[in-house]
Amino acid sequence: MNIGLIIEKYILDSLKVGDHRKDIDHDESLIAKGVIDSLFILQLVSFLEEEFDVTIDDNEVTPDNFETINVMESLIGNKLQQDGEHG
């Protein structure tokens, strides 16, 4: 499972960025470039929790944790690893 590609596809499909972009650099600052905003971050949280069966705590919903696809991939990877250790 490539978490980064799943996140990228969701962003492209949801925002119709794919109409003129085929991909997103996984190190690109999505917030600074205006690709996503705070409202979309809330949508992303719901998607990520459902897609990967994780819980993202309120204190983790910060711009820093959603700045790039790589950062989000790391956040989810850490959550999955924690769940594996406790499961």
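Residues 24 or more positions apart account for 55% of the contacts in the protein chain, counted among contacts with a separation of 6 or more. The model is predicted, and the mean pLDDT of the protein chain is 92, with 94% of its residues at 70 or more. Confidence is lowest in H3, at a mean of 92, and highest in H2, at 96.

**Overall fold**

The protein chain contains three helices and zero strands, and its pattern along the sequence reads α-α-α. For 87 residues, a compact globule would have a radius of gyration near 12 Å; the protein chain has 13 Å, which agrees. The C-alpha trace spans about 40 × 25 × 20 Å along its principal axes. Of the 87 residues, 37% count as buried.

| Helix | Residues |
|---|---|
| H1 | 3–15 |
| H2 | 38–52 |
| H3 | 69–86 |

**Helix H3**

Helix H3 comprises 18 residues, which at 1.5 Å a residue should span 26 Å; the C-alpha atoms at its ends are 26 Å apart, in agreement with that expectation. At the start of H3, a side-chain oxygen of Thr-68 comes to within 3.4 Å of the backbone nitrogen of Asn-70.

Which residues of H3 are buried? They are Ile-69, Met-72, Leu-75, Ile-76 and Lys-79. These residues lie on the same side of H3, because they cover an arc of only 125 degrees around the axis. As a general rule, an α-helix has 3.6 residues a turn, so residues three or four places apart point the same way. The buried residues of H3 pack against helix H1 and helix H2. On the face turned away from the buried side, H3 carries the exposed residues Gly-84 and Glu-85.

**Lys-79**

Lys-79 belongs to helix H3. Is this lysine, Lys-79, buried or exposed? Lys-79 has a relative accessibility of 8%, and the limit for a buried residue is under 20%; Lys-79 therefore counts as buried. Leaving aside residues up to four places away in sequence, Lys-79 touches Val-54, Thr-55, Ile-56, Asp-57 and Glu-60.

In summary, H3 has a buried side that packs against H1 and H2, and Lys-79 is among the buried residues of H3.

Technical notes
Residues are numbered from 1 along each chain as its sequence is written. This is a predicted model: local features need pLDDT of at least 70, side-chain atom pairs count only at pLDDT 80 or more; totals for chains, interfaces and linings use all residues. Side-chain values use heavy atoms; hydrogens and water are left out. Helices (H or I, at least four residues) and strands (E, at least two) are DSSP runs, numbered from the N terminus. The expected span of a helix is 1.5 Å times one less than its number of residues. Buried means under 20% relative accessible area, exposed over 50%, partly exposed in between (1.4 Å probe, protein chains only). The arc is that of the directions from the helix axis to the C-beta atoms. Contact means heavy atoms within 4.5 Å. A polar contact is a pair of N or O atoms within 3.5 Å; within protein, one must be able to donate a hydrogen and the other to accept it, and residues adjacent in sequence count only if both atoms are side-chain atoms. pLDDT is the predictor's confidence in each residue, from 0 to 100. The radius of gyration is taken over C-alpha atoms; the globule rule is 2.2 Å times the number of residues to the power 0.38.
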